[in-house]
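Please read the points alongside the sequence and the model shown here.

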Amino acid sequence: MRPVVVSTFLTLDGVMQAPGGAEEDTEGGFRHGGWQMPLFDEEFGRLIDEEYGTIAGFLFGRKTYELFAAYWPNATEDLEIAKILNTLPKYVWSRTLERAEWHNSHLMRGDLVEEVTRLKEQPGEGILAVVGSGRFAQSLMRNNLVDGYTLWVHPLVLGSGKRLFEDVPRMDLALTDVRRTPKGVVVLRYKAAGRT
Amino acid sequence: MGRILAMEFVTLDGVMQAPGRPDEDTRGGFPYGGWAAPYDSPEQFRMASEGIGQPSGAMLLGRRTYLDFYHVWHGRTDNPFSEWMDRVPKYVASTTLEEPLPWQHSTLLRGDVAGTLKRIKAEEPAGMLMMGSGVLFRTLLEHDLLDRLVLLTYPLVLGTGRRLFAEGGPPATFRLLGARRTSTGVVIATYERGAATGGDR
C-alpha cells in the first residue's frame, strides 16, 4: 500500500499559487509569484531532500506537469531533486494533453478513483506525491484519496491567489510531525483520520 | 509604547468562525461551531501564554467577539480567565454599539479605529491582547498595527466558514519566533510582524 501524500508550499493565508517564480502561474492576475525563493535556506533544502527520498512516484495535474516537464529534464541545479523527478514514474491526469513525453510519464484518462486506488495498491515502499497540482489535489480530497499532507507553511500573507483547501469537504487529520527552518517555514505533516 | 498581540484559532483551511461553541456564530449557516473543543489539552493554555509572552494589560475586541465574551466570561469565578477579563480595560471597535457598554472598564472605539489605536498603543504600555474579532484583525493588518500573532492551527479542514485571512487583504511578512504542538495536534506558532529572517526558538 503506497499512500498518496499532498506536499504543498503554502502561505499563512493558505495560498499555493506560483511559489517558484514570477511567471510560473499568473492566472487571476496573480502578482506575487516567486514568494518561496527568499525563504529557502539550507535546512529547507535538507527537509525537501528528505521528503523526496521517500517518494516512489508522482501524481500530477496537467498544469504542474507541463511546468515541471519543461524545467526539470534540463535543470542545472538541485540535481538530486531533478534526478528523482526525471527518473521516477509520473502519472498525469488530463483530458486535453495528447502526449506526456517526459521520461517515465503515464497519461491517465480512466476513472480517477479506480486509477489512483490501483496505483496505491501496487506493491513497494514509498509515497505517491502530489506536488503543486492544486485543482487535482482538490479532486483527490473530494474523492477521499489523500492519505497524508506535508504542508510547508511560509511566514507571509499574500491576500490573493489560489488556495490549496478550496472546494473541499470537511476532513479530520492527525498531526504527525512539526519542523521549522531558520527562515521561519513551519513544516507540518498530517495523516488523514483513519489512516495508519 | 504598547503592543498589539492577536491570538487566533484557525483550521488548516484558515477558518476562524465559531471555534468554541455551536451557537457562537452561525452566520452563513455555518454548521461546525465548536470545532476547536475536541482538541483541548492541559498544555495548550500554557503554550499559548508563552507565545504571547508578557501578560497584556488590556483587551482589544471587535463588537461580535466582545459581546460573545461578555456573555460567556463576565462575572464567573470558575475559571482563570474571567477575573482578568473583568478587571482589565477593554477596547471595543464597533460602528453600531452605543455607550454605556455592558462590561465594566470598556471603551468604545468609533470612527477612525486605526488612528485611535495608534494613540492608545502609546497609552497602554503593557499591550493589548486581541482574540477572534475577524473584521478588526483585517483592519490591524491593513494599517500595520499588529505586532505579534499567536496562531493556533487545528488539525482539520472544514471547507466552509469565515477565514482569518480574507481574500483581498493586504500582503504582510512575519518572522517566526517559535512553533510547538500540543498532544492533541494543535500547532501553536508565534509570529512577529516584520521581515521573515528567522528566529531562535
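**Notes on chains A and B**

1. Lys120(A) and Asp147(A) form a salt bridge, with 2.9 Å between their closest N and O atoms. The term requires a side-chain nitrogen of Lys or Arg within 4 Å of a carboxyl oxygen of Asp or Glu.

2. The model is predicted: local features need pLDDT of at least 70 and side-chain atom pairs count only at pLDDT 80 or more, while totals for chains, interfaces and linings use all residues. Residues are numbered from 1 along each chain as its sequence is written, chains are lettered from A and ligands numbered from 1 in the order in which they are written, and side-chain values use heavy atoms, leaving out hydrogens and water.

3. Chain A is divided into domain 1 (1-55 + 146-196) and domain 2 (57-123), with bounds that come from an automatic or database domain assignment. The contact (heavy atoms within 4.5 Å) takes 12 residues from domain 1 of chain A and 14 residues from domain 2 of chain A. The centres of the two domains, taken over C-alpha atoms, are 19 Å apart.

4. Between them, domain 1 of chain A and domain 2 of chain A bury about 1200 Å², 59% of it on carbon and sulfur atoms. Buried area here is the accessible area (1.4 Å probe) that two parts lose on being put together, summed over both. Arg2(A), Tyr52(A) and Ile55(A) supply 54% of the area that domain 1 of chain A buries against domain 2 of chain A, more than any other three residues.

5. Across this interface of domain 1 and domain 2 of chain A, the rule finds two salt bridges.

6. Leu128(A) belongs to strand β5 (residues 127-131) of chain A; strands are DSSP runs (E, at least two residues) and helices are runs of H or I of at least four, numbered from the N terminus. Leu128(A) has a relative accessible area of 0% and is buried, a term that means under 20% (1.4 Å probe, protein chains only). Leu128(A) lies 5.8 Å from Ala56(A), C-alpha to C-alpha, although 72 residues separate them in sequence.

7. In chain B, helix α4 (residues 113-123) has Val113(B), Ala114(B), Thr116(B), Leu117(B), Ile120(B) and Lys121(B) buried. These residues cover an arc of only 150° around the axis, which puts them on the same side of α4(B); the arc is that of the directions from the helix axis to the C-beta atoms. Among the elements that the buried residues of α4(B) pack against are β1 (4-10) and α5 (134-142) of chain B.

Terms used:
Buried < 20%, exposed > 50% of the residue type's maximum accessible area, 1.4 Å probe, protein only.
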